[in-house]
Amino acid sequence: MTIIAESVLVSNGTLVVCPASLVHQWAKELEARCEAGSVSYVLYHGANREQSILKFVLSLPLLTLMLCPQQYILPSLCPGLLCQVGWR
């Protein structure tokens, strides 16, 4: 993780973007197929979205296709955690 500006962190991690109907399935698959404690994920979906930028960057974020354009492509309309991370 690298800081490139006051409000932007560069992540070497993976961002998983999927349809809302599959986001919980991705979480279940991670739990079922990965050794306990080897993968940390953050479910960024629904009303109780993760608000910690550090936890978001240091984990595997799972988010929906609906949130991706709103918070990354059009950040001025809906600023969020995605705007604060430089994804590679």
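Biologist: Which residue in β5 is the bridge partner of tyrosine 44?

Modeller: Leucine 63 is the partner of tyrosine 44 in β5. Please keep in mind that this is a predicted model. Tyrosine 44 itself belongs to strand β4. In sequence tyrosine 44 and leucine 63 are 19 residues apart, while their C-alpha atoms are 4.9 Å apart in space.

Biologist: Why is tyrosine 44 called buried?

Modeller: Its relative accessible area is 2%, and the cut-off for buried is under 20%. Tyrosine 44 falls under that cut-off, so it counts as buried.

Biologist: What makes β4 and β5 a pair?

Modeller: Four bridges join β4 to β5, which covers residues 60-64. A pair needs at least two bridges, so four bridges are enough to call these strands paired. The two strands run parallel. Another position where they face each other is valine 42, which stands opposite proline 61 in β5.

Biologist: How do you know that β3 pairs with β5?

Modeller: Three bridges join β3 to β5. With at least two required, β3 and β5 therefore count as a pair, and they too run parallel. Valine 16, for example, has leucine 62 as its bridge partner in β5.

Biologist: What is the strand order in the sheet that contains them?

Modeller: The order is β3-β5-β4, in an open sheet of three strands with parallel pairing.

Biologist: Why are β3 and β4 called edge strands?

Modeller: Because β3 (16-18) and β4 (41-44) each have a single partner strand, one side of each is left without a neighbour in the sheet. From one strand to the next, the twist averages 20 degrees. Helix α1, residues 23-33, packs on the sheet and touches β3, β4 and β5. The direction of α1 makes about 155 degrees with that of β5.

Biologist: What makes β5 largely enclosed?

Modeller: Five of the five residues of β5 are buried, so the rest of the structure largely encloses this strand. Leu60, Leu62 and Thr64 point one way, Pro61 and Leu63 point the other way, and all are buried.

Biologist: How many disulfides does the whole structure hold?

Modeller: The search finds zero disulfides. To count, two cysteine sulfur atoms would have to be within 2.5 Å.

Biologist: Which residues make up the largest nonpolar core?

Modeller: The largest nonpolar core has 10 residues: Leu9, Val42, Tyr44, Phe56, Val57, Leu63, Leu81, Leu82, Val85 and Trp87. At least two residues of this core come from each of β4, α2 (53-58) and β6 (85-87). Another core, of seven residues, lies apart from it and includes Cys18, Val23, Ala27 and Leu60.

Biologist: What makes β2 and β6 a pair?

Modeller: Three bridges link β2 and β6 in the parallel sense. At least two are needed, so β2 and β6 qualify. Leucine 9 has valine 85 as its bridge partner in β6. Strand β2, residues 8-11, is covered on both faces: Val8 and Val10 on one side, and Leu9 and Ser11 on the other, are all buried.

Biologist: How many helices and strands are there, and what pattern do they follow?

Modeller: The protein has three helices and six strands. Along the sequence they follow β-β-β-α-β-α-β-α-β. Of its 88 residues, 33% count as buried. The accessible surface comes to about 5,600 Å², with 58% of it belonging to carbon and sulfur atoms.

Technical notes: Residues are numbered from 1 along each chain as its sequence is written. This is a predicted model: local features need pLDDT of at least 70, side-chain atom pairs count only at pLDDT 80 or more; totals for chains, interfaces and linings use all residues. Side-chain values use heavy atoms; hydrogens and water are left out. Axes are lines fitted to C-alpha atoms, for helices over the stretch in contact, and angles run from 0 to 180 degrees between N-to-C directions. Contact means heavy atoms within 4.5 Å. A nonpolar core is a set of buried Ala, Val, Leu, Ile, Met, Phe, Trp, Tyr and Cys residues joined through side-chain atoms within 4.5 Å. Buried means under 20% relative accessible area, exposed over 50%, partly exposed in between (1.4 Å probe, protein chains only). Accessible areas come from the Shrake-Rupley method with a 1.4 Å probe; for residues, only the protein chains shown count as cover.
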